[in-house]
Amino acid sequence: MLIDGKWVDARSGKTLPVEDPATQEIVTHVPAAEKADVDRAVEAARRAFESGPWSRLSPAERSKMVWRLGDLLEQHADEFAEIESLDAGKPVGNARNQDVEGAIGLFRYMAGWPQRLAGETVPVSSTGDWHAYTLREPVGVVGQIIPWNFPLLMLSWKVAPALAAGCTIVLKPAEQTPLSALRFGELVAEAGIPDGVVNILTGYGEAAGAALAAHPDVDKIAFTGSTEVGKLIVRAAAGNLKRVSLELGGKSPAIVFPDADLDHAIAGTADAIFYNQGQCCTAGSRLFAHKSIYDRVVEGVAAQAGKLKIGHGLDPSVNLGPLVSKDQHDRVSGFLQSGRAEGAEVVTGGNAIGDKGYFFEPTVLAQTSRTMRVVREEIFGPVVCVQSFDDDDLDAVAKFANDTEYGLLASVWTRNLKVAHMMARKIKAGMICINAHNYGDAAWPFGGYKQSGWGREMGKEVMEHYTETKSVAARL
Ligand code: NAI
Ligand code: MG
């Protein structure tokens, strides 16, 4: 692990195994950090923040280092794609074109922020002569806990803006996928970033993650993962009232209106659920099709599922890899059992594949309804639940789509501009896509309403997470 610029083992000497989810072979072992390691890393980050060379760098120098990380990722892009494929089971082409490319873009976008993080002069009206202004200061030492579905990309969403703001970092990747974060750790020194600014701890959530979330000297915690753990993070953060941002689960609706370009909508809504084996927080897991086109949509999405080539992600012809872990495979299988028991019709898929590796068939469930567990809970696998709507009243359609405790993303498929933009207003979600799904861009704020989280990442909004506003008033 990387602590204070040095590669170290866990104090306890404990390790955790890293598995290739396509073969179930153990690839290597990495340190299993615990509280003692978190304490060391936070101390290093605190020193680097308060008194190290990092705190004296000019915005332009910081900008250059963040940009350099993007360049270094680009130089090693194929290697990172292979690591992600091996560790998370991703098709290597997707890893290269989406995960790694996205991470490079994020570092480059964020590299533009240090020189633009300006305060304001404030036109106050108090009696007398005043000069009032604000400063934007880095929030301090930040703890960042990320999941396994997009390991390098989630790292970039967290690390790039925090560095741009001038914070120091203790990052904990998911126990299932620690490898790209460790490789990234080697680039940190190459980019010229001083020791202690970026610390990377591998370890289990219950030990390392919980200690980081509760640490009294961490000023802010940024988390992406399950809604359940998000709530634990909020409780742990209460001890010192550290700032919290949360990127949590979803049950995103994809709504297909009868006037949509159906070929496009069918391919797009299939990709919305099958991309990354359905392990996306924004996955289009609730598909709503107008009753007049319902049968065509169900058949079309099932046909798309049939076209996907399933196998080891390192085979470049593969479209669908394994799920990330045995836990995730058990979870998806359990949901299928529940869906069948509650009366869902399995149109295609529904089963595990083979006896080695965590493969699961892309699955379409029809005849689903709002009370079923498969419709209410996040499955996080390649399983879509289709429901029909017969209403042309947009409020009624939106009410149907909003019938969830989540509110991350929604997609609307139509050629009618009025329908598209009226639906964009009526849906309670942080992100709306029109004739697209699973969209993302470094400049486009990402995050959710309701139990999908707190705050927005990327775009200019994310800089709020990593800065404090200081108000200054001078009596003249
Ligand atoms: P998780 O929420 O347990 O794991 C995410 C991260 O949190 C990992 O780094 C983990 O080590 C850490 N963590 C776990 N327990 C912690 C604790 N008590 N304190 C601090 N950190 C902790 O998610 P898990 O168990 O891997 O997956 C379960 C379900 O969560 C998935 O099936 C999916 O529904 C959802 N999930 C959602 C993600 C998203 O992108 N929104 C990403 C990963 C999972
Ligand atoms: Mg968990």
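**Close-up 1. Leu-241 is an exposed residue, with a relative accessible area of 62%.** Here "exposed" means over 50% relative accessible area, "buried" means under 20%, and "partly exposed" is in between (worked out with a 1.4 Å probe on protein chains only). This is a predicted model, so bear in mind that local features need pLDDT of at least 70 and side-chain atom pairs count only at pLDDT 80 or more, while totals for chains, interfaces and linings use all residues. Residues are numbered from 1 along each chain as its sequence is written, chains are lettered from A and ligands numbered from 1 in the order in which they are written, and side-chain values use heavy atoms, with hydrogens and water left out. You'll find Leu-241 in the loop between helix H8 (227-237) and strand S11 (243-247). Helices (H or I, at least four residues) and strands (E, at least two) are DSSP runs, numbered from the N terminus. Leu-241 isn't a glycine, yet its phi is positive, at about 50°.

**Close-up 2. Gln-24 also has a positive phi without being a glycine.** Its phi is near 65°. Look for Gln-24 in the loop that joins strand S3 (15-20) to strand S4 (25-31). With a relative accessibility of 33%, Gln-24 counts as partly exposed.

**Close-up 3. Helices H2 and H4 run roughly antiparallel.** The axes of H2 (residues 59-75) and H4 (residues 92-110) come within 7 Å and cross at roughly 160°, which makes the pair roughly antiparallel. The axes are lines fitted to C-alpha atoms, for helices over the stretch in contact, and the angles run from 0 to 180 degrees between N-to-C directions. Angles under 35 degrees count as roughly parallel, over 145 as roughly antiparallel, 65 to 115 as roughly perpendicular, and the rest as oblique. H2 passes H4 in a left-handed crossing; that's the name when the near helix is turned anticlockwise from the far one by less than a right angle, and clockwise gives right-handed. On the H2 side, the residues that meet H4 include Val-66, Trp-67, Leu-69 and Gly-70. Their partners in H4 include Val-100, Ala-103, Ile-104 and Phe-107.

**Close-up 4. Trp-67 sits in helix H2.** At 41% relative accessibility, Trp-67 counts as partly exposed. Skip its neighbours within four places in sequence, and Trp-67 is in contact (heavy atoms within 4.5 Å) with Arg-108 and Ala-111. Trp-67 and Ala-111 are 44 residues apart in sequence, but 5.1 Å apart in space, C-alpha to C-alpha.

**Close-up 5. H2 packs against H6 as well, at an angle of about 130°.** Their axes are 10 Å apart, and the angle makes H2 and H6 oblique to each other. Leu-69, Leu-72 and Leu-73 of H2 make the contact with Phe-184, Leu-187, Val-188 and Glu-190 of H6. The crossing of H2 and H6 is right-handed.

**Close-up 6. H5 and H6 meet at roughly 50°.** The axes of H5 (residues 151-165) and H6 (residues 179-190) come within 8 Å, and the crossing angle makes H5 oblique to H6. This crossing is right-handed. Pro-151, Leu-152, Leu-155 and Val-159 in H5 meet Ser-180, Ala-181 and Phe-184 in H6.

Close-up 7. In H13 (residues 394-401), the buried ones are Leu-394, Val-397, Ala-398 and Ala-401. An α-helix has 3.6 residues a turn, so residues three or four places apart point the same way. Strand S12 (253-256), strand S13 (286-290), strand S16 (383-389) and helix H14 (417-426) are among the elements covering these buried residues. At the start of H13, a side-chain oxygen of Asp-393 reaches to within 3.0 Å of the backbone nitrogen of Asp-395.

**Close-up 8. Val-419 lies in helix H14.** At 14% relative accessibility, Val-419 counts as buried. Leaving out neighbours within four places in sequence, Val-419 is in contact with Phe-257, Leu-394 and Thr-414. Val-419 and Leu-394 are 25 residues apart along the chain, and their C-alpha atoms are separated by 7.6 Å.

Definitions and conventions: A polar contact is a pair of N or O atoms within 3.5 Å; within protein, one must be able to donate a hydrogen and the other to accept it, and residues adjacent in sequence count only if both atoms are side-chain atoms.
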